[in-house]
Amino acid sequence: MSSAVLCAPAAVQPAAVAPIVPGATPLLPVVGADTRVPLVPGGTARYVDLDTAASSRALEQVAARVTEALPLYSSVHRGAGYLSQVSTALYEDARATVAGFVGARGDDVCVLVRHTTDALNLLAGCVPDGGAVLVLDCEHHADLLPWQQRGPVTVLPTGATVVETLRALGTELAAAPYALIAVTGASNVTGESLPLDEVVQLAHAAGARVLVDGAQLVPHRRFSLAGSGADYVAFSGHKTYAPFGSGALVGRRDWLDAAPAYLAGGGAVQEVTVERTSWVAAPHRHEGGSPNVLGAVALAAACDALAALPAGALAEHERALRERLVAGLAALPGVRVLRIWADSAEPTGVVSFTVAGADPGLVAAYLSAEHGIGVRDGRFCAHPLLARLGVPAGALRASVGVGSSLDDVEALLGALDAFLSAGPQVPYAQVAGRWQPADDPRATDLSSAARGAGCGPSVR
Ligand code: PMP
């Protein structure tokens with residue numbers, strides 16, 4: 001929080017109007033957009049954040065709302081003081097905003113959690129006993145491991161096309177009873193998705209519910225539980241421009257009310273004796289302990305900011321950036337862009353790729369050290385999918401969002417071109433399995449980083 005406040009401009013900018021050339025400028029201002037970072041060969045560069053799929057920076061509107069709420073922050077729910085009541089209202093209003101943002105039905109429940117992983121582990125404890133879960137092998141580990149751990153689960157191989165994959169899902173649903181299908185809203189590796197309405201239709205016809213892992217969908221496309229018919233959605237604040245430790249599981253009440261408390265503790269109970277405890281209904285049933293009020297406020301502020309964008313603006317912005325990125329990558333020799341399906345609809349702004357003959361970790365280290373560009377490398381917590389795509393050793397991933405612009409994409413393409421034509425300018429070595437500059441003078445402690453970024457006290 002302190003660095004966010006430190007770097008935030010004094011006045012909050014209004015939401016940007018959609019630019020004439022889509023993608024030319026950020027759609028919404030994010031905190032720290034002009035942050036400069038040191039380069040290993042010397043000098044500094046504007047940090048080019050192409051890792052928004054992992055965590056996105058805070059919107060200025062989010063930081064401003066948190067700053068406004070901070071002096072009012074106090075204990076929630078059981079405090080008698082005025083500020084306790086204000087904090088309780090902030091928290092419960094945030095819950096309502098988050099639920100509204102994902103199109104919750106009137107009788108849905110919104111449980112505020114830490115992140116998507118938390119939400120999916122919570123739901124795994126709520127699927128009725130013995131109920132089987134069906135997932136595809138293209139899921140992020142967060143949408144695979146909780147089901148594996150709970151069991152029984154069937155992990156279906158993802159088909160080469162959307163059509164084949166839907167057919168396989170239909171066949172499996174006809175062959176065995178399932179309580180739940182857990183499906184990605186958008187892949188964290190390729191940004192692709194299955195047509196959700198068709199998945200919902202197949203599942204509901206077979207008596208199964210649908211959980212949408214919305215971690216990569218909700219921040220990037222308008223999503224509605226009521227509109228899609230999906231039963232649950234999970235998503236993370238830190239990928240939704242609200243990096244303050246909050247997320248949500250929103251959906252059908254009955255399973256959530258019947259399940260054991262996810263976090264047993266204060267706030268989740270009606271009455272406790274030494275022998276037995278009676279629990280309150282969801283959402284509080286699953287929110288034991290003191291809630292993250294400011295995280296909820298931040299998440300709601302991000303939801304408000306995204307909801308206020310003109311219809312289609314978000315998709316158009318990301319489409320422009322993705323199109324330029326994919327076209328630029330395709331023009332580079334030896335670069336392969338990964339796709340799960342040959343016939344999927346337009347993906348979100350997540351693009352994974354390989355560079356022939358180059359270790360993804362080395363390329364990522366080079367982009368950071370010599371160009372100040374942040375991308376992700378590795379297997380993206382989707383090991384089965386990377387194996388399916390024929391890249392078990394990993395790939396590179398660039399991802400964009402509302403704070404990204406075409407300049408960011410051009411910076412990456414230019415740096416990759418330089419890598420392919422001239423190679424790295426400084427030596428690199430592997431240390432504990434990670435590539436890094438052999439001699440890296442960049443300090444990573446907060447005060448050095450803030451000084452370098454022009455946010456801290458000036459260097460004497
Ligand atoms: N699902 C998907 C598709 C994701 O991309 C991620 C994060 N990379 C997660 C789930 C888990 O999110 P979190 O780390 O916020 O729990």
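Asp377 faces Leu396, a residue of strand E17, where strands (E, at least two residues) and helices (H or I, at least four residues) are DSSP runs numbered from the N terminus. The model is predicted, with local features requiring pLDDT of at least 70 and side-chain atom pairs counting only at pLDDT 80 or more, while totals for chains, interfaces and linings use all residues. Residues are numbered from 1 along each chain as its sequence is written, and side-chain values use heavy atoms, without hydrogens and water.

Strand E17 (residues 395–399) pairs with E16 in the antiparallel sense over three bridges, two strands being paired if DSSP finds at least two bridges between them. Both belong to an open sheet of four strands, ordered E13-E14-E17-E16 and paired antiparallel. Because strand E13 (335–337) and strand E16 (376–378) each have a single partner strand, one side of each is left without a neighbour in this sheet. Neighbouring strands are turned by 30° against each other on average, direction ignored, with axes being lines fitted to C-alpha atoms (for helices, over the stretch in contact) and angles running from 0 to 180 degrees between N-to-C directions. Helix H12 (residues 360–371) lies across E16 and E17 and runs at about 40° to E17, contact meaning heavy atoms within 4.5 Å.

A further open sheet has seven strands in the order E4-E10-E9-E8-E7-E5-E6, and its pairing is mixed. At its edges stand strand E4 (109–113) and strand E6 (153–156), each of which pairs on one side only. From one strand to the next, the twist averages 20°. Strands E5 and E6 run parallel and are joined by four bridges, and Leu136 has Leu156 in E6 as its bridge partner. Helix H6 (residues 162–175) packs on this sheet, where it touches E5, E6 and strand E7 (180–184), and its direction makes about 165° with that of E5. Helix H7 (residues 196–205) also packs on the sheet, touching E7 and strand E8 (209–213), at about 150° to the direction of E8.

Glu139 is found in the loop that lies between strand E5 (133–136) and helix H5 (145–150). With a relative accessibility of 1%, Glu139 counts as buried (under 20% relative accessible area, with a 1.4 Å probe and protein chains only). Beyond its neighbours within four places in sequence, Glu139 is in contact with Ala182, Val183, Thr184, Cys381 and Ala382. A polar atom of the Glu139 side chain lies 2.9 Å from the backbone nitrogen of Thr184.

Key: Buried < 20%, exposed > 50% of the residue type's maximum accessible area, 1.4 Å probe, protein only. Polar contact = N/O pair within 3.5 Å; in protein donor to acceptor, adjacent residues only side chain to side chain.
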